Amino acid sequence: MGNFFNRLEESFIAMLMGVATVVIFISVLHRYGTGLAIPGVQDWLLDLNFGWAQEFCIILFVWMAKFGAAYGVRTGIHVGVDVLINQLSDRVRRKFIIFGLLAGATFTATIGTLGAHFVWENGMAYSVLSTIGADIGSLYEGPTTPDLEWPTWMVYSAIPLGSSLMCFRFLQVAVSFWRTGELPHHDHGHVDGIDEEHLPVDANPYSMDDDLHPRDLKHHQPGGQADKGAKP
């Protein structure tokens with residue numbers, strides 16, 4: 001279940017990135033295409049409205065940032081200053097790490113709670129109650145975005161959802177560290193899909209057997225033999 005939830009999180013972030021990339025690419029092509037004086041094609045492109053593309057991509061990037069932050073907590077990709085922490089004894093270091101993780105969970109839980117209240121009062125309450133046929137009282141519909149004319153509460157939902165997921169990830173890492181004493185670590189030099197090459201212990205990583213290294217032109221003669229008797 002945990003792996004499925006992790007894959008779902010990663011797939012959602014990847015989908016947001018993919019959609020944003022495609023929309024930006026098409027929007028740029030449309031912008032340059034409208035400047036080409038091609039009969040028929042130029043008029044057709046001018047009739048297409050891509051004024052919403054920028055706003056749409058901004059919304060996607062906001063959602064990417066919130067859910068990507070939760071992904072970063074789970075994988076240990078966030079940057080932290082731990083020079084002083086690593087100088088402490090294991091017992092004291094353990095307490096500071098637990099405190100930091102719980103502080104992160106508390107902060108994100110606060111942001112998630114306040115964000116949920118803001119979203120509910122910003123139009124979500126009106127939308128939900130009117131949908132189920134309940135009395136909306138003095139609630140108002142809420143503002144909409146300028147270009148897409150979407151209810152802003154739908155856009156701002158990234159704050160409570162992303163922050164709540166981030167809080168859960170902080171608690172998840174804290175429990176795992178309490179049990180195992182290990183934190184998630186991300187190797188920035190590793191690329192998924194590429195197997196790491198393990199060299200022998202006595203291998204010289206600076207040797208170049210393929211003979212592609214720069215030659216000593218001063219002591220090298222054509223034919224591949226060095227002139228040992230040549231003087232500089």
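**Labels and their criteria**

Reply: E149 counts as exposed, because its relative accessibility is 57% and exposed means over 50% relative accessible area, with buried under 20% and partly exposed in between, for a 1.4 Å probe and protein chains only. The model is a predicted one, in which local features need pLDDT of at least 70 and side-chain atom pairs count only at pLDDT 80 or more, while totals for chains, interfaces and linings use all residues. Residues are numbered from 1 along each chain as its sequence is written, and side-chain values use heavy atoms, with hydrogens and water left out.

Me: Where is E149, and what phi does E149 have?

Reply: E149 lies in the loop between helix 4 and helix 5 (152-156), where helices are DSSP runs of H or I with at least four residues and strands are runs of E with at least two, numbered from the N terminus. The phi of E149 is positive, about 60°, although E149 is not a glycine.

Me: What makes S163 count as buried or exposed?

Reply: The relative accessibility of S163 is 1%, and S163 therefore counts as buried. S163 belongs to helix 6, and, once neighbours within four places in sequence are left aside, S163 is in contact (heavy atoms within 4.5 Å) with K66, T108, I111, G112 and A158.

Me: How do you know whether helix 4 and helix 6 are roughly parallel or roughly antiparallel?

Reply: Helix 4 (residues 90-132) and helix 6 (residues 158-180) pack at an angle of about 160°, with their axes 8 Å apart; axes are lines fitted to C-alpha atoms, for helices over the stretch in contact, and angles run from 0 to 180 degrees between N-to-C directions. Angles under 35 degrees count as roughly parallel, over 145 as roughly antiparallel, 65 to 115 as roughly perpendicular and the rest as oblique, and helix 4 and helix 6 are therefore roughly antiparallel to each other. The residues of their contact divide into 19 nonpolar, 6 polar and 1 charged, where Ala, Val, Leu, Ile, Met, Phe, Trp, Tyr, Cys and Pro count as nonpolar, Asp, Glu, Lys and Arg as charged, and the others, Gly among them, as polar.

Me: Why is the pair of helix 3 and helix 6 called roughly parallel?

Reply: Helix 3 (residues 53-75) and helix 6 pack at an angle of about 5°, with their axes 8 Å apart, and they are therefore roughly parallel to each other. Among the residues that make this contact are K66 of helix 3 and S163 of helix 6, and the contact residues divide into 13 nonpolar, 3 polar and 3 charged.
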